[in-house]
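This report describes a structural model, shown below, for a reader who wishes to judge its domain arrangement and its local backbone features.

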Amino acid sequence: MLRGSGFAFHKLARQLRYRRLAERLFGFFSLLTPFFMGTVVGAIASGRVPVGNAAGDAVTSWLNGVSVLTGALFVATGAYLSAVFLISDAHRAGDPDLERYFSARALIAALAAGAIALAGILVYRADARFIYDGLTSEGLPLVIVSAACGLGVLALLWRGQRRGARPLAVGAVVAVIWGWGVAQYPYLLPQTLTIKDGAGPSGTLTAVLVVFGVAVVVVLPALGFLYTLAQRSALEGETQAPQPGRPGR
Amino acid sequence: MAFTLGFHIILASFGVAFPALMLIANYRGLRHDDPVALDLAQRWSKVAAVLFAVGAVTGTVLSFEFGLLWPAFTGRFGDVFGVAFAIEGIFFFTEAIFIAIYIYGWKRLSGWAHFWTGVPVVISGIGGAFSVVAVNSWMNQPDGFTIASNGQVTDVAPLDAIFNRATSYEVPHMILAAYLVTGFLIASVYAVGMLRGRRDRHHRLGLLIPLTVAAIATPIQFAVGDTAARAIADDQPVKFAAMECVQHTHKDVTEYLGGRCTSSGVKDGIGIPGLDSFLVGFSTDTKVTGLDSVPPSDRPPANTMLHLSFDAMVGICTLLIGLGLWLGWAWWRRRDIPRSPWFLRATAASGVAAVVALECGWIVTEVGRQPWVVYNVMRTEDAVTGASGVWVTFSAVLVLHTALAIATVLILRTMAHRWRTAEIGEAEVPYGPSEPAPPHDPAPPAGSPG
């Protein structure tokens with residue numbers, strides 16, 4: 001709620017201090033949102049979420065080593081991806097200072113994410129053994145792809161190159177999420193609830209697939225249209241400063 | 001949850017209906033080369049975007065509350081009604097994307113191309129309302145599944161769940177309600193401005209467009225609501241009995257306006273003999289099912305509140321029809337809005353009245369269904385979470401929503417003030433040959449990210 005309202009209001013606030021307030025709200029809660037999402041993933045990975053309503057512990061389920069580490073990893077990954085994407089945007093806006101600013105931050109975020117991931121190996125080995133085993137066996141190729149992509153981005157950033165950083169950064173994140181899926185298969189909640197047992201009846205699944213197909217057909221072209229318009233108007237340089245709060249998420 | 005919903009229902013109404021008003025102004029501006037109408041459309045698009053964003057925020061809270069507060073409800077029946085929410089997701093994203101294109105498209109697209117980017121917003125607003133209200137209809141008239149002997153929900157048919165018996169009257173009733181609330185609320189803002197002496201064309205047009213839309217929608221809403229009430233007498237007789245406080249099943253039932261509901265019928269109300277039966281079946285001989293048709297544990301609570309909410313909704317709708325007729329009469333005679341200051345006062349009050357009617361209608365459908373969350377299938381007490389600490393989250397939600405409401409009102413007031421004090425000259429005309437600095441973002445902060 002606070003993140004959404006911060007975003008909705010930050011452009012509209014008239015006085016600088018209210019604008020600052022809205023921006024701080026948006027910024028701070030933009031950190032908390034991925035962090036807590038990570039803690040939830042960590043709770044599931046470490047087997048702290050039993051089947052049933054309110055069956056697990058209300059606090060320790062998400063407040064533990066695996067959860068906190070996963071939360072931190074999510075924040076670092078988000079920062080890393082955003083910074084890498086903003087380098088090119090800053091370049092397009094013709095602002096070399098901003099470009100350097102984001103390059104430095106992308107590098108720091110990449111190193112932080114790498115460090116957290118390395119620490120994660122130990123924590124997961126100790127407390128989320130099922131996922132650890134999956135990531136080091138069936139999921140290993142994807143983990144290697146992810147690491148290679150991550151190192152590639154680091155090398156590019158180190159040499160001050162922009163080109164190729166975006167797809168490599170995306171590749172690093174996609175590969176590790178995919179690898180995670182492979183590692184957790186066939187469980188929704190590791191070793192207690194399989195995907196098959198957790199799934200809805202086939203009628204619903206078919207309907208959801210159809211809806212998803214419609215979404216791909218309807219929403220994606222519209223999103224593409226919006227993105228094209230946004231990028232093109234940025235190219236035309238109609239506004240001088242980089243637009244604060246471009247539409248979209 | 002009730003609090004979030006009661007809050008969200010107002011914002012959602014704007015999301016459904018406001019884009020249509022904005023496009024009508026846009027159409028007028030392009031068709032008649034009317035810069036004031038175009039300017040209104042541009043302002044309204046910004047207001048619509050703010051309300052849409054806040055609506056998205058409360059909507060997100062709601063989607064979490066479904067899982068957190070109603071685990072048994074979503075766990076057991078999510079397969080049945082969830083698809084409607086998935087469809088709503090598509091409409092939501094489509095609406096969000098095209099609102100963004102529309103807002104950023106001022107000046108960047110040609111006039112008519114820009115107008116057409118607004119059309120998907122209107123369509124997806126209606127589609128989104130359809131999907132969400134279909135779920136509520138389903139709670140009133142559950143369909144599209146069977147319950148096996150072991151209690152498992154089987155034979156799920158999502159389409160049958162979406163197009164249940166109540167969808168055909170509940171969905172149009174809510175969409176029209178959205179147009180009523182938005183139309184009267186926007187008109188009331190301009191009516192207040194005119195009462196304060198701002199009689200420029202901006203205010204006249206800003207009052208006329210929404211008020212005309214609402215005035216056309218109101219009588220239709222009355223007819224749809226009447227059909228809905230008759231359908232409820234058939235589909236959910238106990239809810240209807242509670243709304244009208246009919247204790248025993250009998251013929252020639254008296255219709256009471258106002259009053260308290262007691263175990264021996266309505267007290268202190270104005271009774272019209274036979275009218276209730278007549279309204280249900282067009283004959284005073286029609287038998288109306290009473291509350292005694294089900295055991296006390298299956299009857300809704302707070303019958304006086306239900307009865308008064310229903311009466312308030314119908315009463316307000318009747319008064320709003322009168323307001324529309326007043327406008328129509330003056331327009332027919334003199335091509336102008338009525339001169340009496342009482343017309344402006346009535347219009348100024350109509351916005352709040354429409355919101356009250358909306359909330360009353362929502363109370364009638366939700367409280368009237370109790371003790372069921374899924375009518376005749378699942379009791380509310382079986383659906384709600386057993387988790388402790390709900391009061392803590394409720395308090396947090398309450399505080400956050402209050403803050404959000406205050407911030408929204410402040411922001412909208414600031415925007416209005418800024419527009420009022422700004423010179424309305426060439427720079428404010430959205431389409432034009434010369435392209436001065438875009439009207440939004442008067443002073444973007446220097447690039448200081450972080």
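**Confidence**

The structure is a predicted model. For the complex, the predictor reports an ipTM of 0.72 and a pTM of 0.81. Chain B has an average pLDDT of 83, and 93% of its residues score at least 70. Within chain B, residues 423-450 have a pLDDT below 50.

Chain A consists of domain 1, covering 2-50 + 58-199, and domain 2, covering 200-233. A distance of 24 Å separates the C-alpha centres of domain 1 and domain 2 of chain A. Where the two domains of chain A meet, five residues of domain 1 are in contact with five residues of domain 2. Together, domain 1 and domain 2 of chain A bury about 290 Å², of which 35% is on carbon and sulfur atoms. On the side of domain 1 of chain A, Arg92(A), Arg166(A) and Ala199(A) account for 88% of the area buried against domain 2, more than any other three residues. The residues on this side of domain 1 of chain A comprise one nonpolar, one polar and three charged. Across the interface of domain 1 and domain 2 of chain A, zero salt bridges are found. Zero residue pairs in polar contact, with both residues at pLDDT 80 or more, are found across the interface of these domains of chain A.

**Backbone features**

Most peptide bonds are trans, and most residues other than glycine have a negative phi.

| Cis peptide bond | Omega |
|---|---|
| Tyr185(A) to Pro186(A) | about 0° |
| Gln370(B) to Pro371(B) | near 5° |

In chain A, Pro186(A) belongs to the loop that runs between helix 7 (165-184) and strand 1 (187-189). In chain B, Pro371(B) is placed in the loop between helix 11 (341-367) and strand 7 (372-374).

Chain B also contains a backbone feature of another kind. Asp252(B), a residue other than glycine, has a positive phi, near 55°. The position of Asp252(B) is in the loop between helix 8 (237-244) and strand 3 (255-257) of chain B.

Methods
Residues are numbered from 1 along each chain as its sequence is written. Chains are lettered from A and ligands numbered from 1 in the order in which they are written. This is a predicted model: local features need pLDDT of at least 70, side-chain atom pairs count only at pLDDT 80 or more; totals for chains, interfaces and linings use all residues. Side-chain values use heavy atoms; hydrogens and water are left out. Domain bounds come from an automatic or database domain assignment. Contact means heavy atoms within 4.5 Å. Buried area is the accessible area (1.4 Å probe) that two parts lose on being put together, summed over both. A salt bridge is a side-chain nitrogen of Lys or Arg within 4 Å of a carboxyl oxygen of Asp or Glu. A polar contact is a pair of N or O atoms within 3.5 Å; within protein, one must be able to donate a hydrogen and the other to accept it, and residues adjacent in sequence count only if both atoms are side-chain atoms. Ala, Val, Leu, Ile, Met, Phe, Trp, Tyr, Cys and Pro count as nonpolar, Asp, Glu, Lys and Arg as charged, and the others, Gly among them, as polar. pLDDT is the predictor's confidence in each residue, from 0 to 100. Helices (H or I, at least four residues) and strands (E, at least two) are DSSP runs, numbered from the N terminus.
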